[in-house]
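Please look through the structure shown here before reading on, and keep it in view while you work through the points that follow. The briefing begins with the chain as a whole and then takes up its parts by topic.

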Amino acid sequence: MASHRRPKQPSRTRVTVLTATAAAAVALTSQAAHADPKPTKNEVKEKVDKLYHEAEAATEKYNGAKEQQDKLKKQVDALQDKVARGQDELNDLRGELGSIATAQYRSGGIDPSVALFLASDPDSFLDQASALDQLTVKQTESLQEIQAKQRTLAQQRKEAQDKLGDLADVRKALGENKKKYQGKLADAQRLLNSLTAAERAKIAQEEEAKDRASRATSERVELGNEAPASGRGAAALSAAATQLGKPYVSGGSGPNSYDCSGLTQWAFAQAGVGISRTTYTQQNDGTKIGRSQLRPGDLVFFNGLSHVGFYAGNNQVLHAPKPGTVVRYESMDYMGTFQFGVRI
């Protein structure tokens, strides 16, 4: 006789697991269907260029902090040297007063006022006018000189301590900006590494083509076609032109490598003009002008003041562009957002 037992129903747990598994499979399939396609070479290059611009902004802040650190270090060293010399002078003055005390002791005893000074801070002592009557003129002058020296030393020590605090803050900012631009460069490199070898080679070829065009441009651009901004501006531009082909390196200020503001500072130094180190400060080293007023030798600023170069005439800029490139000429039309020019 056939069995009429009911089929065994799947357990609640098994149903739940099967349902969850099916849902996950559907979700994964949906994600795969809607996953972003692999970015193209041009998209990667655009992102990399953006990271390079951000790295350059961080580099300029790093350069500014580095410049500030160097200045503060010199100020701290000078103050500490003053304190050391002042302490030596104070010791000499105390030695002279000690000699007076010794002489008094040999002649029958130390003047109570001198003994009191040698044992305590003279400030409270000299405030007692009655005590001055007990001193000789020489003793009074010695005590007053010591008192003034002690006050000066205390002020110099405080000033040095404040500068050391500022120096610590600047060094912290220095490290943060260095970490930031190194991180941006690392992100850019990771993006480049996501491309195939052929795509990376294509980008390299495009950069090489720009460099070749730059060298060709250098033969066509003549300052005689446009009157230079000034004699020194023309001299700085000519100096910068001797550095064509030198590599871009973050923080580079010559003569073997440059970042953008390192090149402009170095070039003006060759022309006998001292300008500051960063784009953010170089913008204040001269008179701001509009694009229509530009002449060869003027500085030109781009991308929120994160980049600077020389206007070279014929709509060309001579500059240190970005990591992986060299000092070259480039059309202003490809430089990004123009801010203003500055005539030194």
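Helices, counted as DSSP runs of H or I with at least four residues, are numbered from the N terminus. This is a predicted model, and its chain holds ten helices and six strands. Buried residues make up 37% of the 344 residues in the chain, where buried means under 20% relative accessible area.

**The chain as a whole**

- The accessible surface of the chain comes to about 19600 Å², and 52% of that surface belongs to carbon and sulfur atoms.
- Among the contacts in the chain with a separation of 6 or more, 67% are accounted for by residues 24 or more positions apart.

**Leu90 in helix α2**

- Leu90 is found in helix α2, which covers residues 41-106.
- Because its relative accessibility is 3%, Leu90 counts as buried, the cut-off being under 20%.
- Which residues does Leu90 touch, not counting residues up to four places away in sequence? Leu90 touches Ile146, Lys149, Gln150 and Leu153.
- One of these residues, Lys149, is 59 residues apart from Leu90 in sequence, although the two are 6.5 Å apart in space, C-alpha to C-alpha.

- In helix α8, which spans residues 231-241, the buried residues are Gly233, Ala234, Ala236, Leu237, Ala239 and Ala240.
- What covers these buried residues of α8 includes helix α9 as well as the strands β3 and β4.
- Ser257 has its place in the loop between α8 and α9, and Ser257 is buried because its relative accessible area is 17%, which falls under the cut-off of 20%.
- Leaving aside neighbours within four places in sequence, Ser257 is in contact with Pro247, Val249 and Gly252.
- Helix α9 covers residues 260-270, and eight of its eleven residues are buried, so α9 is largely enclosed by the rest of the structure.
- The buried residues in α9 are Cys260, Ser261, Gly262, Leu263, Thr264, Trp266, Ala267 and Phe268.
- Gly272 follows α9 and has a positive phi, near 80°.

**The strands and how they pair**

- Strand β3, made of residues 307-313, is mostly covered, since seven of its seven residues are buried.
- Strand β2, which covers residues 299-302, runs antiparallel to β3 and is joined to β3 by four bridges; Leu299 stands opposite Phe310 in β3.
- The hairpin of β2 and β3 has four residues between the strands, and in this hairpin Asn303 takes a positive phi near 50°.
- On to the next strand: β3 is joined by three bridges to strand β4, residues 316-319, and these two run antiparallel.
- Gln316 in β4 is the bridge partner of Gly313.
- How many residues lie between the strands in the hairpin of β3 and β4? There are two residues between the strands, and Asn314 in this hairpin takes a positive phi near 55°.
- Strand β6, residues 338-343, is joined by three bridges to strand β1, residues 287-289, and the two run antiparallel; Lys288 stands opposite Val342 in β6.
- β6 also pairs with β2 in the antiparallel sense, over four bridges, and here Phe302 stands opposite Phe338 in β6.

**The second largest pocket**

- Rolling a probe the size of a water molecule over the atoms shows where empty space is left.
- The second largest pocket has a volume of about 260 Å³.
- This second largest pocket is lined by 15 residues, of which Leu192, Ile203, Ala204, Glu207 and Gly324 lie nearest its centre.
- Helices α2 and α7, the latter covering residues 197-220, each supply at least two residues of the lining of this pocket.
- Which helix gives the most to the lining of the second largest pocket? It is α7 that gives the most, with six residues.
- By class, the lining of the second largest pocket has six nonpolar, two polar and seven charged residues.

Methods: Residues are numbered from 1 along each chain as its sequence is written. This is a predicted model: local features need pLDDT of at least 70, side-chain atom pairs count only at pLDDT 80 or more; totals for chains, interfaces and linings use all residues. Side-chain values use heavy atoms; hydrogens and water are left out. Buried means under 20% relative accessible area, exposed over 50%, partly exposed in between (1.4 Å probe, protein chains only). Contact means heavy atoms within 4.5 Å. On a 1 Å grid over the protein atoms alone, a cavity is a set of points where a 1.4 Å probe fits but cannot get out, and a pocket is an open set with protein on both sides within 12 Å along at least five of seven lines; lining residues have an atom within 4 Å of a point. Grid points are joined across faces, edges and corners, and a volume is the space filled by probe spheres set on the points. Ala, Val, Leu, Ile, Met, Phe, Trp, Tyr, Cys and Pro count as nonpolar, Asp, Glu, Lys and Arg as charged, and the others, Gly among them, as polar. Two strands pair if DSSP finds at least two bridges between them. Accessible areas come from the Shrake-Rupley method with a 1.4 Å probe; for residues, only the protein chains shown count as cover.
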